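Me: I would like a close look at one part of this model, in plain terms. Please give the cut-offs as you go.

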Amino acid sequence: MRIIRHFRHDTRGAAAIELAIIAPVLAGMGLLALQVWKIGVEQQQAAAALDVAADYYLQGGLSDETAAQAARDAWADAPADAVVGHSRSARCGADPVEMTSLCSGGRAPAVYVTLTASGSNGEGGETRVRATRMIRVR
C-alpha cells in the first residue's frame, strides 16, 4: 500500500507524459492547417488566372478560346489535369434568353461569358481547385 501511495504523489515526469499526450494532437492540427493553407493558395492561383482572362475581355478581346488559353497560361502551379472552360449565356434583365432572341423594345440581350477553372491536384483525384468568373461582354 505504501508503494502505491508514494507512486500517486510522485509528480516527476508528469510534464513528459502530458507532452506525449498533447504532441500528436498539436502535430495533427499543424498538418491540417498546412493543408488548408495549401488549398487556399491553389484556389487563389486559379482565381488570378481567371482574372487575366477577364482583363482580356475588358481590353476588347472577343475570342473565348483566346481568353481560356490566357487563363491556362497565367495559372501558376496549375495541376496536371487543369481545365479552363467557358460558356456564353444571354439575359434580358435577370431572365435568361436564347442568344438569337431580342429583348422587349428590340434591344439585344446582354451576353455573359462564364469562365471556370478546375483541377484535382490531390490524392484520389477529387476536385480541390475550382474558381469561376462571369464577365459581361455585351
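Where does Gly 13 lie? Start there, then go along helix 2.

Reply: Gly 13 is in the loop that runs between helix 1 (2-9) and helix 2. Helices (H or I, at least four residues) and strands (E, at least two) are DSSP runs numbered from the N terminus. The model is predicted, so local features need pLDDT of at least 70 and side-chain atom pairs count only at pLDDT 80 or more, while totals for chains, interfaces and linings use all residues. Residues are numbered from 1 along each chain as its sequence is written, and side-chain values use heavy atoms, with hydrogens and water left out.

Gly 13 has a relative accessible area of 41%, so it is classed as partly exposed; buried means under 20%, exposed over 50% and partly exposed in between (1.4 Å probe, protein chains only). Its C-alpha atom is separated by 57 Å from that of Val 84, which is 71 residues away along the chain.

Helix 2 covers residues 14-58, 45 residues, and at 1.5 Å a residue it should span 66 Å; the C-alpha atoms at its ends are 65 Å apart, which agrees. The expected span is 1.5 Å times one less than the number of residues.

At Ile 22, helix 2 bends by about 35 degrees, with a proline, Pro 24, following within four residues. This bend is the angle between axes fitted to the seven residues ending at a position and the seven starting there.

The buried residues of helix 2 include Glu 42, Gln 45, Leu 50 and Tyr 57, along with several alanines, among them Ala 46 and Ala 53. Their cover includes helix 3 (64-74), strand 1, strand 3 and strand 4 (129-136).

Contact here means heavy atoms within 4.5 Å. On the helix 2 side, Ala 49, Leu 50, Val 52, Ala 53, Tyr 56 and Tyr 57 meet Asp 64, Thr 66, Ala 67, Ala 70, Ala 71 and Ala 74 of helix 3. The axes of helix 2 and helix 3 come within 7 Å and cross at roughly 145 degrees. Those axes are lines fitted to C-alpha atoms over the stretch in contact, with angles running from 0 to 180 degrees between N-to-C directions. The crossing of helix 2 and helix 3 is right-handed; a crossing is left-handed if the near helix is turned anticlockwise from the far one by less than a right angle, and right-handed if clockwise.

After helix 2 comes Gly 60, which has a positive phi near 100 degrees.
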